[in-house]
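Open the model in your viewer and keep the selection panel at hand. The tour below moves from one selection to the next and says what is there each time.

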Amino acid sequence: METEGSHAKQLIRPVIFCMIILVIVFLIDYYVDSYASVRITYQKIAQISQEHNYVIGNQIPLSERKPKWARINIMERKEFLVIGSSRSAMFTSENMEEESFYNLSVSGGSTIDDYLAEIHILFSQDKLPDKLLMEISPATFNANIELIRWQEWGDNTLYMKQILEGKIPSGRQPDLGIQWKNLFSPSYFQYNFENLMEHKRAWIESSEDYDNPSYLTVHSDGSSMYGRDYQNKYTEDQIMEETKNICNSRTIYCCDDYREIDKELQNTFEEIIEFLMKNGVEVSLYLPPYSEEMYQFISHDDTYKVILEVEAYLISYASENGIRILGSYDPTRSALKTKDFYDAYHVREEKIIDTLWERQVN
């Protein structure tokens, strides 16, 4: 006959076993932290970036948008902002000669949906700047673009669309701090465990250095610098060969199946500019250059004539609305050569300001 003591022991064993499993799960989730949920968090990254540059591991790709979002949440209003893709990431407080400055550029292309989200976050917190430099890549008006990273901004894109429609957005901004709920997610543990088996973990590290040999360095002013290894990854001949391959395969970034300027995206772009100007923001448009060989191909191939049409449209729009427009997709107008690029798309840091010349429009 079982005694109460023996019955209690039988109950304790599975409880202890379950507790051990839970501790193991927690430790793995905490150590790997693939979604920046507990040990890292986007709020923590933002707090680090207030005072320091930081490098971030690339073994597990974390969101680039959420740290910028979290930084807006805690920073004071800036007088000058940059928004765009990685092609505008190297505009810094120093080379722009702006003390009150932040660079909101994000990699992976920057779309109308990105702009809508960024502007809503700023507007909802009364942090729209006095001046805004907006990079406009040709693919901004490509209806067939397949980029989805703008979804990292949550519902902010939707909220800004509602404001442009004269509606009051409803919804609650998420917490970018610790996400305890992820610790109870079996799929999160599974993903962390898979990364652990591959010796991967998410990590960030504050740094006083301006750049890093191996990793992207994000500066406290929001600008970023490729690791020195990547800066020197391609020789001039290799960049030309890469460009030739891109042209031959007709795979110019984000410009696949792109035949015309999409009217809906164009209208939304113009609504964004009108909204900003009505709210006292001085907007300037920036056209980032392609490498010389790529632009020559663009200029002589009907497949990509829409890129030239985008530049013509932007010049006309800027002229009609009294907006400054800087740079050109044509690198020769910025006196750039192949050696002035990291790759077929990105201008080297020492030449980036040369691309920021003001066009004379009638």
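A residue counts as buried when its relative accessible area is under 20%, as exposed when that area is over 50%, and as partly exposed in between, using a 1.4 Å probe and protein chains only. This is a predicted model, in which local features need pLDDT of at least 70 and side-chain atom pairs count only at pLDDT 80 or more, while totals for chains, interfaces and linings use all residues. Residues are numbered from 1 along each chain as its sequence is written, and side-chain values use heavy atoms, with hydrogens and water left out.

**The whole chain**

Begin with the chain in cartoon view, where the secondary structure comes to eleven helices and nine strands; helices (H or I, at least four residues) and strands (E, at least two) are DSSP runs, numbered from the N terminus. The C-alpha trace spans about 100 × 50 × 40 Å along its principal axes, and buried residues make up 51% of the 362 residues.

Now select D114, which lies in helix α4. Is D114 buried or exposed? D114 counts as buried because its relative accessibility is 1%. Show the side chain of R65 as well, and you will find a polar contact of 2.8 Å joining it to the side chain of D114. A polar contact is a pair of N or O atoms within 3.5 Å; within protein, one must be able to donate a hydrogen and the other to accept it, and residues adjacent in sequence count only if both atoms are side-chain atoms. Leaving aside residues up to four places away in sequence, D114 touches R65, V106, G109, W150 and W153, where contact means heavy atoms within 4.5 Å.

**Aromatic pairs**

The structure holds 21 aromatic pairs. Rings of Phe, Tyr and Trp (its six-membered ring) pair if their centres lie within 6.5 Å, and planes under 30 degrees apart count as stacked, over 60 as edge-to-face and the rest as tilted.

Select F123 and F275, an edge-to-face pair with 5.0 Å centre to centre and 75° between the planes. F123 lies in helix α4 (residues 112–124) and F275 in helix α9 (residues 263–278), so this pair ties together parts that are 152 residues apart in sequence. F123 counts as partly exposed because its relative accessibility is 28%, whereas F275, at 12%, counts as buried.

Next select Y313 and Y317, whose pair is tilted, with 6.0 Å centre to centre and 35° between the planes. Because they are four residues apart in helix α11 (residues 305–321), Y313 and Y317 are separated by about one helical turn. Both Y313 and Y317 are buried.

**Charges over rings**

A charge sits over a ring if NZ of Lys or CZ of Arg is within 6 Å of the ring centre and within 35 degrees of the ring normal. Select R201 and Y31, where the charged end of R201 sits over the ring of Y31, 3.9 Å from its centre. Then select R87 and Y290, where R87 lies over the face of Y290, at 4.6 Å from the ring centre.

**A last pair**

Finish with K44, which lies in helix α2 (residues 42–51) and, at 37% relative accessibility, counts as partly exposed. Draw a line from K44 to F141: they are 97 residues apart in sequence and 35 Å apart in space, C-alpha to C-alpha.
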